[in-house]
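Let's take a friendly walk through a protein model, stopping at a few places along the way. Have a look at the sequence and the structure below before reading on.

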Amino acid sequence: MQNNNSINSKPVSQYLRCFIEKIDTTENGTQNNKPTTRRKHKPRELTAEAQAILEIGRPYEGHCLVFDTETTTDNRQALRFGIYAIYGIDSDTRVWLYRNKQLTREALDKQQEIGIFYNPAEISDHELAILKQFAIQNNLKVYEKADFIRKVFYPWIYQQQALCIGHNLPFDLSRLATCWGEAKGQFYGGFWLTLCDCRYDDSCFDHPPVRVKSLGGKKALFDFRSQRKPSGKISRYRGRFLDTATFGRALLGPGDSSLAAMGKRFKTKIRKKDGDVEHGNLLNEMYLRYAVQDLQATWSLYQAEREVYRKHGLSKAPWKIFSEASIGKAYLHDLGIPPFLKQHAAFPRTIIGQAMTSYYGGRTEVRIRLQPTEVIYTDFTSEYPTVNALMKIQELLLAEKIEVQPCLEEVQHLIDSLTINDLLMKEAWPSLRCFVRIIPDGDLLPVRTTYGEQSAATNIGLNYVDSGPAAWYCLADVLASKLLTGRTPKVIDAFKLVPQGRIKTKVWRLFGDERFSIDLEKDDLFARVIEMRADIKEKMKVLAQDDDEFLYLDGLQQALKLIANSTSYGVLVEINPDDSANKCISVHVYTDQYVEKKTKHVEEPGPYFMGPCGALIPAAGRLLLAMAEKLAVNRGIDYVLCDTDSMAFAHPESLNQDDFHEKIKEICDAFKPLSPYSNLSEILKMEDVNNFNEQPEPLYCIGISSKRYVLYNKTDEGYRIRKFSSHGTGGWMKPAAYESTTPEPCENVYKLGGHRWMYDLWYSAIQQIEFGKQRISVYDLPFLTEPALTRVTVSTAMLLKRFKGVPGIRPFSFMTMLPSLNQVEILGRLNTNFEDYKIQTLCDSDQRLNLSELKGVAFYAPYGNNFNVVRGQIRRMDNNELVTVEHKTLAECVLHYFSQPESKAGNPKGIGHLERQHLRIIEQVFIGKETHRIKDDISEASEGILDYEDAAEFLRTGLADLLKQRPMKELVQLTGIPRRTLYDIINGTKPKLETRAKILKVFKDKGLLLS
């Protein structure tokens, strides 16, 4: 029977994940799904002596070449000079030292050579004389850049296979390049860089181009492109490249990745020199000493990072570590846990597809909006490792075989009988390894759709689904709905994952310490790592927060947290998009059904991908939040917000302070029986932010929208911000004339949430909201009147094409960008300066330009950390002309920051308590996990539509979503269809057949629609 709310429900499209698998074909086109075979290299057996030498040098004992470059400060960022050093000893010396009991890690790090290389085109004769004199005084070798490439770089990095080390290595490598282009295959979207100047000479076969592909977030993939020599032999050596910024973040987690900050975090012996050296200035001895110390600081950082990694005891080479997920996968490999798709090659792909349609991320929402509310802020301890251990996912990871068993009756009984008290006991959780297909009828379920009228992007919201086609969900989501609504969902199918047998694994000693051993015969990996982290945090309690040992231990505990999170969840849902195909290839698409299609956009599962388990884990996390919400409702308590693993409970007016605290403590205590840890009893805990100076302090919260909120205390002097969000502000730089007028933050402002100017912005918002304002003004903050600047790095081939008009631009250059002005902002400037307002360009004193012509034009300048540095160097993106204009200010960029609606709520712009939406699913659209992302100015994350059916049929009912992805002006110009008609289609009116066909044809002809 249809739910009564369906009449008032919002009709939406539901976007569901699917599983895509490439179809291998033979030369004659017949299908061949057998795994390809490769000749495996059999490792050479080492003597006891060689093995002992490797152990001393672990994780890498070979030669290293470290280098750093100094560049011009204009848009070209051209190489001026660089410093390099070679470290290591040859194999004969290693053996001699070992036999004489003198071989140590320090001996293996002996400096062999240090020198300077320079670009004669960017160094004056006077500067070259200073450089050479400095080299003589300090025993440095000197090379022109071309000679350095031929005589140092390739002989060491390519021929002797030394490890190439740099900090922000993609930038430094690209400074050496003489030419470049877009890479193909595995490096699609990245670059090839030719470093030598002998491109048309036979010797160039000794200098293969370096390929670099940005993986995002300070991560990049490197190798040497394979070369076919005149003899016909193909060189396949890929090289060894290590970026200390990437390696450091993988080991200690996110944070400031600058050389100075990394040196502090890793307690390096040599750190980046602080001083008044201005990059790009004339060379002098101080500048050269500064550059040498930068190089030494980079080497010292590598040594410290290597030592931390050595303690992990992993077999994976350091240059193959790109993130915490890389470390997680290395642990799984060394523990003997096999990749899922390799161990279970015959596992039904349709089951993976059905499980992937039930895959959603964390639950984030604001429940009480723009209303100051006293709260107690709580957090689940390592949520994903916790639920992983509770459901005993490790049994599935170690199973010899996994059976898929129907369980409709069993699931129906669980849904009917399980209570919240049952779910607060460990015994219930292994039974949650089930997937159920339900017909929604007023159930409270996660739905991925286009929330918000102006958004073409998808987001996930927890809302009432009053009607719609049957869909697969994890059992945890169905139980959460039952808890919060009291209604029993209509289940029509179900299956569960049952492990059979068990593979053998190895005992592992983390950090080489007996106390940190992991034995999967008796330990749960995910729980054990969290227990070790708790032990380290206990040791930190007796140390001062500015103590070097505290910082070091803090890095280790953070690393353990990242390892636990990546191995317990991230690697299980790892999907790598591959857009390198230049023609459509055949793929299987598994959803609730199975089809065979062709597409250029392929998704490759990661080595430890296990989609069904990956779907179960965040669903179990959402169940924990639902349980906390239910326990609070039973006590008459609401919540202001939840954010994946945290919930801020609202203080009811009817309760005094002590009673409120006691009821939240009851909620937290209720979860204690679930703890899978031997040294941690709390699963849900009240966070330290609820106290100040170790004493309880009333905490207040203002929520704006998902992931956009602030926590603060009220004081006699004003407000003390304890946590704030910088979500949605982009990478705006600190204003040049910024001077804070707010009280000093109670701790490091970056730990609280971001830049100091964002802290002040939130402080002003708190003042206004506490005073009763509902519309927040940002114009009373003087520093916001400055132009908005952000840094952009040309990290992809697509970005290089976008900036191809910038003179001297090359891969991995970075510059200052200023946003374009929209129609409203231009009109505001015209009104301010009257109708005849004109601006003067600097490129032609006689040329005058209408301000209106700058609509939508972005601006760029050489990199500078504030507007005063780049003033007078700003150019238009469309024609590269210098221009003077009243640029878009920070105030204009953050003007609507505090009016952002909670689009997933029923009353998105409401003040106070928000209601959940009622949805009516009118169609299901299947998308990949990573491919076809769409972003707009409203939403932060989105996914596009998989080429799952023929375009016209696929978008038969999704035409409105297609139209939302383009500006209305462009749509009118492209289609010739009246604006009113297009708006009607977007709003749900069914178009005529000829109108629909015309729109689809235009989109396809213009390349805006996948085919």
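Helices here are DSSP runs of H or I with at least four residues, strands are runs of E with at least two, and both are numbered from the N terminus. Keep in mind that this is a predicted model, in which local features need pLDDT of at least 70 and side-chain atom pairs count only at pLDDT 80 or more, while totals for chains, interfaces and linings use all residues. Residues are numbered from 1 along each chain as its sequence is written, and side-chain values use heavy atoms, with hydrogens and water left out.

Is Ser 323 buried or exposed? Ser 323 counts as buried because its relative accessible area is 13%; buried means under 20%, exposed over 50%, and partly exposed in between, using a 1.4 Å probe and protein chains only. The side chain of Ser 323 reaches the backbone nitrogen of Ala 325 at 3.2 Å. This is a polar contact, meaning a pair of N or O atoms within 3.5 Å; within protein, one must be able to donate a hydrogen and the other to accept it, and residues adjacent in sequence count only if both atoms are side-chain atoms. Leaving aside residues up to four places away in sequence, Ser 323 touches Lys 219 and Ala 250, where a contact means heavy atoms within 4.5 Å.

The next stop is another loop. His 651 sits between strand 31 (646–650) and helix 21 (657–670). With a relative accessible area of 17%, His 651 is buried. Its side chain reaches the backbone oxygen of Leu 655 at 2.6 Å. Not counting residues up to four places away in sequence, His 651 touches Thr 373, Glu 374, Asn 656, Gln 657 and Phe 660.

Met 627, by contrast in setting, belongs to helix 20 (residues 611–633). Its relative accessible area is 0%, so Met 627 is buried. Beyond residues up to four places away in sequence, Met 627 touches several residues, including Ile 420, Trp 429 and Phe 671.

How do positions along the chain compare with positions in space? The table gives two pairs, with C-alpha to C-alpha distances.

| Pair | Apart in sequence | Apart in space |
|---|---|---|
| His 651 and Tyr 700 | 49 residues | 9.4 Å |

Now for a pair of helices. Helix 30 (residues 968–975) and helix 31 (residues 979–986) pack at an angle of about 115°, with their axes 10 Å apart. The contact is made by Met 968, Leu 971, Val 972 and Thr 975 of helix 30, together with Arg 979, Leu 982, Tyr 983 and Ile 986 of helix 31. Axes are lines fitted to C-alpha atoms, for helices over the stretch in contact, and angles run from 0 to 180 degrees between N-to-C directions.

How many disulfides does a search of the whole structure find? The search finds 0, a disulfide being a pair of cysteine sulfur atoms within 2.5 Å. For Cys 179, the nearest cysteine sulfur is that of Cys 196, 7.9 Å away. Cys 179 is buried at 17% relative accessibility, and Cys 701 is buried at 0%.

Finally, step back to the whole chain. The protein chain has 32 helices and 45 strands. Of its 1011 residues, 54% count as buried.
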